[in-house]
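Here is a short briefing on one protein chain. Look over the sequence and the model first, then read the points below.

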Amino acid sequence: MAAVVRGVWNGIREKGLTNFLRHARDEGYFKCLSDGNLLQTKIHNIGATLVGVDKFGNKYYEKLHDTQYGRHRWVEYAEKGRYNASQVPPEWHGWLHHITDSTGDELLERNAIAYILEHKENFSGEGEELIYHSKGHALNPGQRDWTRYQPWEPKKEEA
């Protein structure tokens with residue numbers, strides 16, 4: 001929390017209050033107040049370095065100071081309403097997971113191979129009919145009726 005306050009304070013000192021608020025509006029900080037995950041990402045972005053943007057519009061950030069190692073690289077998805085890990089192309093996946101220190105743009109410049117397939121997002125979880133819900137899940141159409149449960153009672157012996 002202290003890092004967030006320090007980042008906001010430094011931003012106000014560098015840009016001035018009016019320009020800081022304008023920047024916050026343009027970056028979508030005010031629109032994300034209803035989405036806790038997006039708000040947390042936006043707050044985490046304060047003081048971070050924008051490393052690159054992929055062809056889908058996802059933004060990749062890195063913050064080397066005041067952040068635990070392993071959590072200092074992250075992605076802000078372009079599609080804010082629905083996001084999952086399959087929206088990250090392979091060249092950026094390697095950078096995010098510390099497989100390589102080369103960013104996705106650097107890898108594409110070095111390894112521009114014509115036979116690489118275009119990255120496609122995994123849509124297997126899309127649509128209500130394709131999402132798996134366990135038997136007890138409220139959204140499962142074949143949900144078990146747990147109200148019919150009868151506890152076991154031992155038989156009474158007749159004397």
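Is Tyr61 buried or exposed? Tyr61 is buried, with a relative accessible area of 7%. Buried means under 20% relative accessible area, exposed means over 50%, and partly exposed lies in between (1.4 Å probe, protein chains only).

This is a predicted model, in which local features need pLDDT of at least 70, side-chain atom pairs count only at pLDDT 80 or more, and totals for chains, interfaces and linings use all residues. Residues are numbered from 1 along each chain as its sequence is written, and side-chain values use heavy atoms, with hydrogens and water left out.

**Overall layout**

- The chain has five helices and three strands. Helices (H or I, at least four residues) and strands (E, at least two) are DSSP runs, numbered from the N terminus.
- Reading from the N terminus, the order is α-α-α-β-β-β-α-α.
- The chain has 159 residues, and 26% of them count as buried.
- Take the contacts between residues at least 6 apart in sequence: 40% of them join residues at least 24 apart. A contact means heavy atoms within 4.5 Å.

**Aromatic pairs**

- The chain holds four aromatic pairs. Rings of Phe, Tyr and Trp (its six-membered ring) pair if their centres lie within 6.5 Å; planes under 30 degrees apart count as stacked, over 60 as edge-to-face and the rest as tilted.
- Tyr61 and Trp74 make a stacked pair, at 5.9 Å centre to centre with 15° between the planes.
- This pair links distant parts of the chain. Tyr61 sits in strand β2 (residues 59-62) and Trp74 in strand β3 (residues 73-76), 13 residues apart.
- Trp74 is also buried, at 11% relative accessibility.
- Trp92 and Trp95 make an edge-to-face pair, at 5.7 Å centre to centre with 85° between the planes.
- Both Trp92 and Trp95 belong to helix α4 (residues 90-96). They are three residues apart, about one turn of the helix.
- Trp92 is buried at 0% relative accessibility, and Trp95 is buried at 1%.
- Ring pairs join Tyr60, Trp92 and Trp95 into a cluster.

**A backbone detail**

- His98 has a phi near 60°, a positive value in a residue other than glycine.
- His98 lies in the loop between α4 and α5 (104-110).
- His98 counts as partly exposed, at 28% relative accessibility.
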